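Subject: Handing over a structure

Hello,

Here is the structure I promised to pass on to you. Have a look at it first, and then read on for what turned up.

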Amino acid sequence: MLQRRSAEHWAGRLYMRKISLRITRVLSTATWITPNGLTYLMMFTGILAGAALVIPGLAGAVLGALLIQVYLLLDCVDGEVARWRRQTSLTGVYLDRVGHYMSEAALLTGLGLRATDLFHQEGASSAWQWAFLGTLAALGAILIKSETDLVDVARARSGMTAVEDSASVPRSAGVAKARKAASLLKFHRLVGAVEASLFILAAGIADAVHGGLWFTRLAVVVLAAIAVPQTVLHLLSIVLSSRLR
């Protein structure tokens, strides 16, 4: 599993698989725990991380980041338990994808609500424009994932096999170069749950030092500025590649 570079998240390779494999050895003998049950727990933990961001001050940012680490751990463990017991299923794959959608959307929405200042730490009223911007970032993150997943849906409905990695290269040389440059910079990864939680935590620490919500609100702007254009650019990279042919 650690050698699966194309599918494995960097945090999984760096440290989480080393932890999850130890937990999986214990949980694999606990018959009352099912792989799908672990996936539901992963989903709940990811959503809870978004809700935790509403807590004012550094505590909310720290709790959100910690819960995302638990979310990542459960994301590793559910699949490991399923493979250990040979209980892999289409339902498990489906729930795993839904869990990722919901958790990333909850985190970015929670960031927007955090910047809104629901508890009026900054003033007498809440600034709802930040909640709107956070929701836009969440929508962008969901659409980016759905654009990728819908490639296989479209191919399956046309009687085609799953797409090969080589087909993701755009047919246009200019688009291919732009895609390669974007991949090297890796800005798009910031809207992922782990990266976003760490980014939000850094903003929370900065706000704790300087006071106010300036850095949290900057984080909302940055993540929305990445997620929304990336939705369009990612769609173009798919349409201009060989994935749908």
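What pattern does the protein chain follow when read along the sequence? The pattern is α-α-α-α-α-α-α-α, and the count is eight helices and zero strands. Helices here are DSSP runs of H or I with at least four residues, strands are runs of E with at least two, and both are numbered from the N terminus.

A word on the ground rules. This is a predicted model, in which local features need pLDDT of at least 70 and side-chain atom pairs count only at pLDDT 80 or more, while totals for chains, interfaces and linings use all residues. Residues are numbered from 1 along each chain as its sequence is written, and side-chain values use heavy atoms, with hydrogens and water left out.

**The chain as a whole**

Of the 245 residues in the protein chain, 43% are buried. Buried stands for under 20% relative accessible area, exposed for over 50%, and partly exposed for what lies in between (1.4 Å probe, protein chains only). Among the contacts in the protein chain with a separation of 6 or more, 78% are between residues 24 or more positions apart. A contact means heavy atoms within 4.5 Å.

How do helix 3 and helix 4 pack, and how far apart are their axes? Helix 4 spans residues 90-116, the angle is about 175 degrees and the axes are 12 Å apart. That angle makes the two helices roughly antiparallel. Axes are lines fitted to C-alpha atoms, for helices over the stretch in contact, and angles run from 0 to 180 degrees between N-to-C directions. Under 35 degrees counts as roughly parallel, over 145 as roughly antiparallel, 65 to 115 as roughly perpendicular, and the rest as oblique.

On the helix 3 side, the residues that meet helix 4 include Leu58, Ile68, Tyr71 and Asp78. Their partners in helix 4 include Asp96, His100, Leu107 and Arg114. Sorted by class, this contact has five nonpolar, four polar and four charged residues. Ala, Val, Leu, Ile, Met, Phe, Trp, Tyr, Cys and Pro count as nonpolar, Asp, Glu, Lys and Arg as charged, and the others, Gly among them, as polar.

Most residues other than glycine have a negative phi. Arg86, which follows helix 3, has a positive phi near 60 degrees. Arg86 sits in the loop between helix 3 and helix 4 and is exposed, at 79% relative accessibility. Asp117 also has a positive phi, near 65 degrees. Is Asp117 buried or exposed? At 4% relative accessibility, Asp117 counts as buried, and its place is the loop between helix 4 and helix 5 (129-157).

**Loops and the residues they meet**

Val54 lies in the loop between helix 2 (35-52) and helix 3. Which residues does Val54 touch, not counting those up to four places away in sequence? They are Leu113, Leu118 and Phe119. Val54 and Leu113 are 59 residues apart along the chain, with 6.1 Å between their C-alpha atoms.

Ala127, in the loop between helix 4 and helix 5, is buried, with a relative accessible area of 16%. Leaving aside neighbours within four places in sequence, Ala127 is in contact with Thr116 and Arg217.

Gly211 belongs to the loop between helix 7 (193-210) and helix 8 (214-239) and is partly exposed, at 40% relative accessible area. From Gly211 to Gly57 it is 154 residues in sequence and 9.3 Å in space, C-alpha to C-alpha.

**An aromatic pair**

Finally, the count of aromatic pairs comes to one. Trp214 and Phe215 form this pair, which is edge-to-face, at 5.0 Å centre to centre and 80 degrees between the planes. Rings of Phe, Tyr and Trp (its six-membered ring) pair if their centres lie within 6.5 Å; planes under 30 degrees apart count as stacked, over 60 as edge-to-face and the rest as tilted. Trp214 is exposed, with a relative accessible area of 57%, whereas Phe215 is partly exposed, at 27%.

Best wishes
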